[in-house]
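Colleague: I would like to learn how to read side-chain features in a model. Could we take them one by one?

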Amino acid sequence: VAIRGLPHLDRDFLTSFPSRRAGSSGVLSALVGTAYVAVITAVVAFPLGVATAIYLEEHMGTGPLKWIVETNIGNLAGVPSIIYGLLGLAVFVRGLELGRSVLAGGLTVALLVLPIVIINAQEAIRAVPVGLRHASYALGATRWETTWHHVLPAAMPGILTGTILALSRAIGEAAPIVLISSIAFIAFVPEGLGDPFTVLPIQIFIWASKPQAEFHEIAATAILVLLALLLTMNAGAVYL
């Protein structure tokens, strides 16, 4: 991939739109669409996931209901991504009439990574020493004050690491977006949440499906861009 893709990796490739001609094609629309989806996913999945993890670990207690909820969250984390694509198509595109928009795509991917965010946040919260909670209670803090001022700050590096890794998976997913955005030629940048969009995995698939060898080479270049994006996010997770 590097041998075939590096010769075409330049500024023009990153700032140009897809074209009928391989020589003048770029990934700008797919790059911006990927950024839109990642931001929507983070805005939706991060607060919901962390709030759910806090409730399950700090406020729900033990019992059969907690076991049922956690078992279902674990099962949802293993559901194939194409199933989430069908769910997004039924609920967001058709049910809520959002159409094949970037908002529908972002919400679908947010559902996909939400169980992963919850599980990672739970593990980070469990890793906080119980003595920290007892010390806070001993000084007169309430349960919520203890969670907000002591447990959550201590767990935040682990929570952020898990969230970034979940987002890395999100921007690399193609199956749900195929159903939400369709395989279409999009040579423009979304200007709002209701506009059509494409993402890097879909653009790579489109170019790799063409018979011309030139498109296979720029598909390899787009793969390098996607890998660079993923490795940058994973490096951020390692740093945290």
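Modeller: Start with burial. Phe13 has a relative accessible area of 3%, so Phe13 is buried (buried means under 20% relative accessible area, exposed over 50%, partly exposed in between, with a 1.4 Å probe and protein chains only). Trp207, at a relative accessible area of 1%, is buried as well. This is a predicted model, where local features need pLDDT of at least 70 and side-chain atom pairs count only at pLDDT 80 or more, while totals for chains, interfaces and linings use all residues. Residues are numbered from 1 along each chain as its sequence is written, and side-chain values use heavy atoms, with hydrogens and water left out.

Colleague: How many aromatic pairs does a search of the whole structure find?

Modeller: A pair of aromatic rings is described by the distance of the centres and the angle of the planes. Rings of Phe, Tyr and Trp (its six-membered ring) pair if their centres lie within 6.5 Å; planes under 30 degrees apart count as stacked, over 60 as edge-to-face and the rest as tilted. The search finds two aromatic pairs. In one of them, Phe13 and Trp207, the ring centres are 6.1 Å apart and the planes stand at 45°, so the pair is tilted. Phe13 is in helix H2 (residues 11–15) and Trp207 in helix H10 (residues 200–209), 194 residues apart. Helices are DSSP runs of H or I, at least four residues, numbered from the N terminus.

Colleague: How many salt bridges does the structure hold?

Modeller: A salt bridge is a side-chain nitrogen of Lys or Arg within 4 Å of a carboxyl oxygen of Asp or Glu. The structure holds five. Among them, Arg126 pairs with Glu57, with the closest N and O atoms 3.0 Å apart. Arg126 lies in helix H6 (residues 102–126) and Glu57 in helix H3 (residues 28–59), so this bridge ties together parts 69 residues apart in sequence. Arg126 is partly exposed, at 41% relative accessible area, whereas Glu57 is buried, at 18%.

Colleague: Which side chain meets Glu58 in a salt bridge?

Modeller: That of Arg133, at 2.7 Å from N to O. The pair links Glu58 in helix H3 with Arg133 in helix H7 (residues 130–138), 75 residues apart. Both Glu58 and Arg133 are buried.

Colleague: Which side chain of opposite charge is nearest to Lys66?

Modeller: Lys and Arg count as positive and Asp and Glu as negative; His and the chain ends are not counted. For Lys66 the nearest is Glu70, 4.1 Å away, and Lys66 is buried yet has no salt bridge. Lys66 is found in helix H4 (residues 64–77).

Notes: Helix = DSSP H or I, 4+ residues; strand = E, 2+ residues; numbered from the N terminus.
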